[in-house]
Amino acid sequence: MTAPAEDLVVRRTYPDPVEDIWAALTESERLARWYGTWTGDPSTGTVSLTVTGEVDAGGEVDDPVDVTIEVCEPPHRLVVLVPSGGTAWHLDVALSAHGDGAELVLTQRLDGTVPREDLAAGWTWYLARLAAAQSGEPMPPWEPAG
């Protein structure tokens, strides 16, 4: 299936099995290693997410946001709505086996509020952080395009 032009698709392969990448995406303590933390009861369809990967110069992180879980099909698919700047980001993460490891495909429905290039750079950086967290390597520095 090909994504429509208004979708951003970012792919990344990992040497780790699908179940391990799923855990890194869905377990708060594992997610904290590379992206942020969540609290709450996912069975309600909503969790509170605090993104900690982007710390400002003063050491502050953004306030938590309530994330709506639209689809959760362990260990292969997670679809969420993440509030951002008066809109909601629709994120669809699919995991599949790739050799002995896993392929992650992140699809974000674009709404025109953030340029495609900026989103692509951000998600590429975050997925590189996931790879670093999985391998125990240092976190890659943020190097914005341009």
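Author: The buried residues of helix α3 are L119, G122, W123, W125, Y126, L127, R129, L130, A131, A132, A133 and Q134. Here buried means under 20% relative accessible area, with exposed over 50% and partly exposed in between (1.4 Å probe, protein chains only). Helices (H or I, at least four residues) and strands (E, at least two) are DSSP runs, numbered from the N terminus. This is a predicted model, in which local features need pLDDT of at least 70 and side-chain atom pairs count only at pLDDT 80 or more, while totals for chains, interfaces and linings use all residues. Residues are numbered from 1 along each chain as its sequence is written, and side-chain values use heavy atoms, with hydrogens and water left out.

Reader: What covers the buried residues of α3?

Author: The cover includes β1 (7-14), α1 (18-26), α2 (28-31), β3 (46-51), β6 and β7 (101-109).

Reader: How many residues does α3 have, and what span does it reach?

Author: The expected span of a helix is 1.5 Å times one less than its number of residues. With 20 residues, α3 reaches 29 Å from its first C-alpha to its last, close to the 28 Å expected. After α3 comes G136, whose phi is positive, near 85°.

Reader: How should I read aromatic pairs?

Author: A pair of aromatic rings is described by the distance of the centres and the angle of the planes. Rings of Phe, Tyr and Trp (its six-membered ring) pair if their centres lie within 6.5 Å; planes under 30 degrees apart count as stacked, over 60 as edge-to-face and the rest as tilted. By this rule the count is 7 aromatic pairs. One of them, W34 with Y35, is tilted, at 5.6 Å centre to centre and 50° between the planes. Both W34 and Y35 are buried. Another pair, W89 and W123, is edge-to-face, at 6.4 Å and 65°. This pair links distant parts of the chain, 34 residues apart: W89 lies in strand β6 (residues 87-98) and W123 in helix α3 (residues 116-135).

Reader: Are W89 and W123 buried or exposed?

Author: Both W89 and W123 are buried. They also belong to one aromatic cluster with W34, Y35, W125, Y126 and W142.

Reader: My last topic is burial in another helix. Why does S28 count as buried?

Author: S28, found in helix α2, counts as buried because its relative accessible area is 13%. Leaving aside neighbours within four places in sequence, S28 is in contact (heavy atoms within 4.5 Å) with G36, T37 and W38.
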